[in-house]
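Colleague: I am new to this structure. Could you walk me through how to read it, feature by feature?

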Amino acid sequence: MAEAAPSRVLRVAGPLVEITYGGDLAMHDVALLGPAELPGEVVAITGGTATVQAYEYTGGLTPGQPARSQGGPLRVALGPWLLGGVYDGLLRPLTAAGDWLVPGLGAAVDDGRAWHFEPTAAVGDSLPEGAEVGEITGAAVPLPVLVPPGVCGPLSHVAAGGPYGADAVLAVIGGTEVGMGERWPIRRPRPVRERVDAARPLHTGQRAVDLLFPVARGSSVAVPGGFGTGKTVLLQQIAKWCDADVIVYVGCGERGNEMAEVIADLSGLDDPRTGGRLADRTVVIANTSNMPMMAREASVHTGVTVAEYFRDLGLDVVVIADSTSRWAEALREFASRMGELPAEEGYPAGLASELAAFYERAGAVRTLGGALGSVTVVGAVSPPGGDLTEPVTAHTERFVRCLWTLDRELAYARHYPAVSWPGSFSRDATLLAAAHAAAGDPSWAERRARIAALLAEADRLADLVELVGITALPDQERLSVLAGRLVREAVLQQSALSAHDAYCAPPKTAALAEAVLSVVARCRELVDTGTAVDAVEQADYTALLRAGEELGPADAAGVLARRDALLAALGALR
């Protein structure tokens with residue numbers, strides 16, 4: 001039987017390349033194009049031709065040049081070397097790259113670094129998949145070396161304790177060599193033993209989120225908002241201050257200067273948990289707006305795959321995708337080049353399925369080795385013109401557990417984070433109420449409900465106040481307007497630029513909410529007993545309103561002291 005002819009380039013149209021089909025290609029295989037071996041993904045096979053979407057700029061690629069299959073779908077190298085690094089959408093390191101990426105940039109992981117390995121299993125042990133072989137010490141987070149999925153058997157060799165490079169063989173299990181890391185296809189979810197309820201809170205340090213719209217570890221969040229509403233700053237705050245073990249920040253189609261700012265900020269922050277740099281337990285995937293469309297499309301899958309790897313080590317991981325709208329635009333461009341019939345606003349008919357598949361990879365799990373781990377996905381949505389009814393926003397709302405809608409009017413009023421309380425929700429709140437109660441805060445759910453009720457009542461009266469004025473309202477309704485102001489300014493408003501207020505610990509958040517509720521209750525009591533409502537409205541609330549910014553991030557006692565002083569001052573109004 002004659003050998004199949006080697007594949008060659010037939011046609012080049014931007015990133016879309018047609019090649020002859022030599023029998024060595026399959027759908028979603030990575031094909032290497034031309035002498036520079038530009039990577040691309042096989043997206044269609046018809047008769048004797050295959051269509052490839054290139055991951056890189058195809059300038060200089062001409063018909064007749066060779067093409068070959070890499071023998072499988074896009075796989076990325078996963079291991080401890082990822083922590084603290086900056087990568088492109090194919091997980092190729094950018095740290096040592098020049099100002100401009102050249103075609104054929106390699107994905108080598110052996111950069112000369114070494115990690116200290118300490119074995120925990122002995123020769124002769126029978127190890128199932130997911131079992132621990134040893135651990136890597138000295139990293140920002142604990143990193144066990146595990147038996148890869150699909151591998152099991154007796155341990156016939158294990159390396160002695162000491163420093164090893166990325167390519168070193170650390171163990172041989174059932175005849176299979178096990179190294180410090182592994183390679184995994186980005187579009188295939190990694191296997192787990194079982195999914196478990198996402199019932200542990202993820203503390204973000206942002207009061208509007210932690211108090212009103214909390215998120216569980218292993219949940220999913222969408223953050224829709226128009227231009228100028230503070231999406232990027234809010235996501236950067238989550239990345240800096242949330243209490244996850246590992247942060248994976250995916251900049252998908254965003255401006256390069258914003259990505260540079262994120263990287264610089266993370267590099268300059270101290271990690272309160274380890275005393276080192278926060279960047280040492282962060283993975284940044286930078287796929288800016290001027291990078292090729294197909295690499296942009298792959299970047300979110302790459303980010304979730306990295307997160308699943310660290311999840312399988314028993315860690316809690318947060319994936320921040322900024323923004324999924326740019327990813328959806330890449331899907332639209334891809335569908336247009338492939339000649340697919342457009343659906344609403346030109347997006348492909350499979351947009352909802354793609355979004356569902358992405359957010360479905362979030363979850364709290366029991367790993368193959370029996371440990372608990374989680375992947376929490378936070379995706380920004382950038383609707384054109386702030387239209388929250390456009391397809392990406394509308395479909396995303398169906399698949400996420402939490403929605404933090406950013407309000408343009410709040411942002412223009414300089415109220416940050418501009419999370420809209422009428423337009424946001426959290427489906428995790430009920431489960432998390434039990435977790436807070438078990439952690440010693442049984443009043444968390446009641447406190448949250450009372451704060452939400454004050455905001456709803458103040459919003460109901462806002463239009464009426466604009467029409468007839470505050471003095472035309474009954475006394476108790478005037479106090480409701482005052483209560484709404486105290487909640488907004490003392491609790492929900494937070495400065496990302498303040499050393500004291502950029503992060504707020506849960507005890508301080510609870511103390512601020514309790515302080516406002518106590519003050520509002522005292523104000524109502526005073527008016528009910530005959531104190532003029534004008535006197536209550538004109539009282540000085542400055543100490544409470546500025547407590548968040550003037551007191552330390554965990555200074556709950558200071559907040560309660562200010563509350564007591566204010567209650568005493570109000571008592572003098574009798």
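Modeller: Let us begin with salt bridges. A salt bridge is a side-chain nitrogen of Lys or Arg within 4 Å of a carboxyl oxygen of Asp or Glu. Keep in mind that this is a predicted model.

Colleague: How many salt bridges does a search of the whole structure find?

Modeller: The search finds 31. Take D243 and R217 as a case. Their closest N and O atoms are 2.9 Å apart.

Colleague: Where in the chain do D243 and R217 lie?

Modeller: D243 is in the loop between α2 (231-241) and β22 (246-252). R217 is in the loop between β20 (215-216) and β21 (220-224). They are 26 residues apart, so the pair links distant parts of the chain.

Colleague: Are these two residues buried or exposed, or in between?

Modeller: Use the cut-offs: buried means under 20% relative accessible area, exposed over 50%, and partly exposed lies in between. R217 has 12%, so R217 is buried. D243 has 23%, so D243 counts as partly exposed.

Colleague: Which residues do salt bridges with shared partners join into one network?

Modeller: That network holds E182, R190, R311 and D312.

Colleague: Now the interior. How do I read a nonpolar core?

Modeller: Think of buried nonpolar residues joined through side-chain atoms within 4.5 Å. The largest core here has 75 residues. L82, I173, V248 and F310 have the most contacts inside it. Helix α4 (residues 293-311) gives the most to this core, with nine residues.

Colleague: What is I173 in contact with, leaving aside neighbours within four places in sequence?

Modeller: I173 is in contact with L127, V133, V147, V151, C152, G153, P154, L155 and V178.

Colleague: L570 brings me to helix α16. Which of its residues are buried?

Modeller: In α16, A556, G558, V559, R563, L566, L567 and L570 are buried. The buried residues pack against α12 (506-528), α14 (542-545) and α15 (547-550).

Colleague: How far does α16 reach from its first C-alpha to its last?

Modeller: Helix α16 covers residues 556-571, 16 residues in total. The span is 23 Å, close to the 22 Å expected at 1.5 Å a residue.

Colleague: Last, the surface. Which residues form a nonpolar patch there?

Modeller: Y21, M27 and I45 do. Together they have about 240 Å² of accessible area. M27 lies in the loop between β2 (16-20) and β3 (29-33). M27 has 40% relative accessibility, so M27 counts as partly exposed.

Conventions. Residues numbered from 1 in each chain as written. Predicted model: local features only at pLDDT ≥ 70, side-chain atom pairs only at ≥ 80, totals over all residues. Heavy atoms only, no water. Patch = residues over 30% accessible without salt bridge, like charges linked within 9 Å, V, L, I, M, F, W, Y side chains within 5 Å. Areas by Shrake-Rupley, 256 points an atom, 1.4 Å probe, with all protein chains shown as cover. Helix = DSSP H or I, 4+ residues; strand = E, 2+ residues; numbered from the N terminus. Buried < 20%, exposed > 50% of the residue type's maximum accessible area, 1.4 Å probe, protein only. Expected span 1.5 Å × (residues − 1). Contact = heavy atoms within 4.5 Å.
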